[in-house]
Structures are given as structure tokens and as C-alpha cells.
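Have a look at the model first, then read on.

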Amino acid sequence: MTPLAPPLRIAIVGSFSTGKTTLANVAARALALPLLPEVAREVVELGFKLDKDATPETETLIFLRQLRNETVHPSFVGDRSLIDVMAYASWVLEHQERRKEMALWDACIDIAEHGLRSQYTHVFYLPVEFGIVPDGLRPLDPEFQADIDNRMLDLLDLHDVQHVELRGSVEERLSKLLATVGT
């Protein structure tokens, strides 16, 4: 009997418009793994606002849906992660007056911090390298993009999440990703 391969739980993280979706799609196909959808897009379809217009309740919903997606699949390529959700939520909470509903988000942070380092077998960080591509979802604000990028790096550092930075073309990024996961 052939032993089962260990699970691959790949998170592709970074600010918006850094190529996460493109890389996640090609990596999932190359590795024959499920691609976790971008939860934020699903939440927008339900009528919620994102980014600068989001609420703590919206961020909680995104967190819970992301956590569910990551929990139901033993192996996956994530076109976002709990790390991404935490970066965006930190901006939202920092720019709003504290109210009791923020306790919902505080509970999410407690859950995430419990196992953030062990949640993923591989974390790939995509830095801001290119101009923002309008997608009808994210703002066309390079300062906001840089702020989210800095928050992402701060979270990776704060939680001692080992990660590999990927730069360059899709092909270059995919090649380094596949080499890192050992395929």
C-alpha cells in the first residue's frame, strides 16, 4: 500500500493587485489541489462593502467563511488566507470608533492567533510589484495598497509565520512555488 502524501495547505498572501488570484489558479492546477475561492468576492455578492467601507461585522463574516473553507479541505491552494483577512480587518478597526460589535472580531483574532503558524504548510508572500489592475472590487489607491502590504508583513513577522517571497512573472513565481513545495 502506498503511503498517503502529507497535506499541502498553501496560502498565497499579499495586498490587492499583486497577482495572487492568477498564481493561485495556475498553482492549484499544477498541483491538482482544490482552489479556495476569494471569500471577499462572495461577501460582496451578498451586498456587503469591503476595504475602507467594511465594518467589523463584515470582516467577521469574511474571517468565518475563510476559516470554514480552510477547515473543510485537508489540502488546498488559498487565493487569500486568514492572514489577509487579519490585515484588512486591522485597517478597518483602526479607522473606526470602538463599539461593542468589535468583540466579534476580537473573538476571530483569538481563534486565528491560536494556530496561525501551523494553519498552512506553505505561505507565499507576493509583494507589490505592479500597478493596480482595476477589478471593480478593490480601490485604485496605491497608498491603501501599500498600507495593506505593510500590515501583511507585520502579521507574518508578529506571528513568526515562515514564508517565501515570490517575485517576477507568473511562470517565475510558479516555478519557485513548485520547487519550494517539492514537486
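1. Start with helix α3 (residues 56-72) and helix α4 (residues 82-94): their axes come within 10 Å and cross at roughly 175°. That makes α3 roughly antiparallel to α4, the label for angles over 145 degrees. Axes here are lines fitted to C-alpha atoms, over the stretch in contact for helices, with angles from 0 to 180 degrees between N-to-C directions.

2. One caveat: this is a predicted model, so local features need pLDDT of at least 70 and side-chain atom pairs count only at pLDDT 80 or more, while totals for chains, interfaces and linings use all residues. Numbering runs from 1 along each chain as its sequence is written, and side-chain values use heavy atoms, leaving out hydrogens and water.

3. Who touches whom (heavy atoms within 4.5 Å)? On the α3 side, P56, E59, I62, F63, Q66, L67 and E70 meet L82, V85, Y88, A89, V92 and L93 of α4. The residues of this contact divide into 10 nonpolar, 1 polar and 2 charged.

4. Of its 38 residues, V13, I83, W105, Y120 and V123 touch the most other members. α4 gives the most to this core, with 10 residues.

5. Another core, of 18 residues, lies apart from that one, and L23, A24, L33 and V181 are among its members.

6. Finally, the axes of α1 (residues 20-31) and α7 (residues 170-181) come within 10 Å and cross at roughly 45°.

Note on methods:
Helix = DSSP H or I, 4+ residues; strand = E, 2+ residues; numbered from the N terminus. Parallel < 35°, antiparallel > 145°, perpendicular 65-115°, else oblique. Contact = heavy atoms within 4.5 Å. Nonpolar A, V, L, I, M, F, W, Y, C, P; charged D, E, K, R; others polar. Core = buried A, V, L, I, M, F, W, Y, C linked by side-chain atoms within 4.5 Å. Buried < 20%, exposed > 50% of the residue type's maximum accessible area, 1.4 Å probe, protein only.
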